[in-house]
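I opened this structure to go through its helices, cores and contacts. These are my notes, in the order in which I looked things up.

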Amino acid sequence: MGRIKNRIRRLRFDHDEMTQEELASRAGCTRQTIIALEQGKYVPSIELAFRIARAFGVPLEEVFQYEGNQEANG
Amino acid sequence: MAPLQKRALYSLVIGLVLTIALIAVLAAQGDVTAFDRDPNLRLIMYAVLIGVPLSYLILVNLSLRKPTQVDERDRVIVERSVRTQWLAVIFSLVAWTIALTEIYRDQGQVPIAFLNLIFVSVLIISALSQSLGILLGYWRMNRNG
């Protein structure tokens, strides 16, 4: 079983210390969801993941990383 | 606290207050047949009957239509809360069935006032348990992810 990690907090600070509220507004979700994502307590849908990546202007893989077994990929 | 979480909490508190008020009035009247005798009691019952689902509708259900207040995470929690709601309704019906069977077994009939009581209680429990399910969902998600 894998685990999905993210760099949202890091990316927010790299983007002029973007606030959680601002990111939530750009990604079309609530601030509470951004908080849950940063704490690793929620895994977003593919659509929300893309919207967050788009809010930062980076590819999806720069925001979310899958840490699973290598066999699962093959 | 998420907007939906806040609304579920308000809905739960309002529902509990109305329910406790109803139980207190029924207890003060002595027995369930007062429902047939006392028109004021019926009015109170109807007020609760309308009040609980209405507060749930306004506070929880309508907020689900506001995209700025609710997102996919909230919707996942609402979908999961249906399980709590379903269980609560089933258990309340089981409790009614066992209680009425045991109490009125010898008489072979149940006072008709219980029809209203069963319906009102299931409706109230349904609304309250979904609010409770939503709050539990947020608590579980914050704890376990």
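Entry: I am working from a predicted model. I keep that in mind for every value below.

**Entry: chain A, overall.** I looked up the secondary structure first. I find six helices and two strands in chain A. Along the sequence I read the order as β-α-α-α-α-α-β-α. I then checked burial. Of the 74 residues in chain A, 24% are buried. I also looked at contact range. I took the contacts in chain A between residues at least 6 apart in sequence, and 53% of them join residues at least 24 apart.

**Entry: the loop between α1 and α2 of chain A.** Which residue here has a positive phi of about 55° although it is not a glycine? I found A:Asp16. A:Asp16 sits in the loop that links α1 (8-14) to α2 (20-27) of chain A. The cut-off for exposed is 12 or fewer.

A:Glu17 lies in the loop between α1 and α2 of chain A as well. A:Glu17 is not a glycine, yet its phi is positive, about 50°. I count 8 C-beta neighbours inside 10 Å for A:Glu17, and therefore log it as exposed.

**Entry: α2(A) against α3(A).** I looked up the packing of α2(A) on helix α3 (residues 31-38) of chain A. The angle is about 105° and the axes are 8 Å apart. The two helices, α2(A) and α3(A), are therefore roughly perpendicular to each other. The range for that label is 65 to 115 degrees. From α2(A), the contact uses A:Gln20, A:Glu21, A:Leu23 and A:Ala24. From α3(A), it uses A:Arg31, A:Thr33, A:Ile34 and A:Ile35. I sorted the residues of this contact into four nonpolar, two polar and two charged.

**Entry: α1(B).** I turned to chain B. α1(B) has 27 residues. Its span from first C-alpha to last is 39 Å, close to the 39 Å expected at 1.5 Å a residue. B:Gly30 follows α1(B), and its phi is positive, near 105°. Which residues of α1(B) are buried? I list B:Leu4, B:Arg7, B:Ala8, B:Ser11, B:Leu12, B:Ile14, B:Gly15, B:Leu18 and B:Leu22. An α-helix has 3.6 residues a turn, so residues three or four places apart point the same way.

**Entry: α1(B) against α3(B).** The axes of α1(B) and α3(B) come within 9 Å and cross at roughly 170°. That angle makes α1(B) roughly antiparallel to α3(B). On the α1(B) side, I find B:Arg7, B:Ala8, B:Ile14 and B:Leu18 among the residues that make the contact. On the α3(B) side, they include B:Leu41, B:Val48, B:Val52 and B:Leu59. By class, the residues of this contact are 14 nonpolar, five polar and one charged.

**Entry: nonpolar cores.** How many residues has the largest nonpolar core? I get 21 residues. B:Val52, B:Ile124 and B:Leu128 have the most contacts inside this core. α1 (3-29), α3 (39-61) and α5 of chain B each supply at least two of its residues. The largest share, seven residues, comes from α5(B). There is also a second, separate core of 14 residues, and it includes A:Leu23, A:Ala24, A:Ala36 and A:Leu37.

I went back to B:Leu128. Leaving out residues up to four places away in sequence, B:Leu128 touches B:Leu12, B:Gly15 and B:Leu16.

**Entry: B:Leu123.** I found B:Leu123 in helix α5 of chain B. B:Leu123 has 17 other C-beta atoms within 10 Å, so I log it as partly exposed. Residues up to four places away in sequence aside, B:Leu123 touches B:Leu49, B:Val52 and B:Pro53. I also took a distance. B:Leu123 and B:Ile50 are 73 residues apart in sequence, and their C-alpha atoms are 9.7 Å apart in space.

**Entry: between the chains.** Seven residues of chain B are in contact with ten residues of chain A. On the chain B side, α4 (72-104) and α5 (113-144) each supply at least two residues. I class the residues on that side of chain B as two nonpolar, two polar and three charged.

Definitions and conventions. Residues are numbered from 1 along each chain as its sequence is written. Chains are lettered from A and ligands numbered from 1 in the order in which they are written. This is a predicted model: local features need pLDDT of at least 70, side-chain atom pairs count only at pLDDT 80 or more; totals for chains, interfaces and linings use all residues. Helices (H or I, at least four residues) and strands (E, at least two) are DSSP runs, numbered from the N terminus. A residue is buried if 20 or more other C-beta atoms lie within 10 Å of its own, exposed if 12 or fewer, and partly exposed in between; C-beta atoms are placed from the backbone. Two residues are in contact if their C-beta atoms, placed from the backbone, lie within 7 Å. Ala, Val, Leu, Ile, Met, Phe, Trp, Tyr, Cys and Pro count as nonpolar, Asp, Glu, Lys and Arg as charged, and the others, Gly among them, as polar. A nonpolar core is a set of buried Ala, Val, Leu, Ile, Met, Phe, Trp, Tyr and Cys residues joined through C-beta atoms within 7 Å. The expected span of a helix is 1.5 Å times one less than its number of residues. Axes are lines fitted to C-alpha atoms, for helices over the stretch in contact, and angles run from 0 to 180 degrees between N-to-C directions. Angles under 35 degrees count as roughly parallel, over 145 as roughly antiparallel, 65 to 115 as roughly perpendicular and the rest as oblique.
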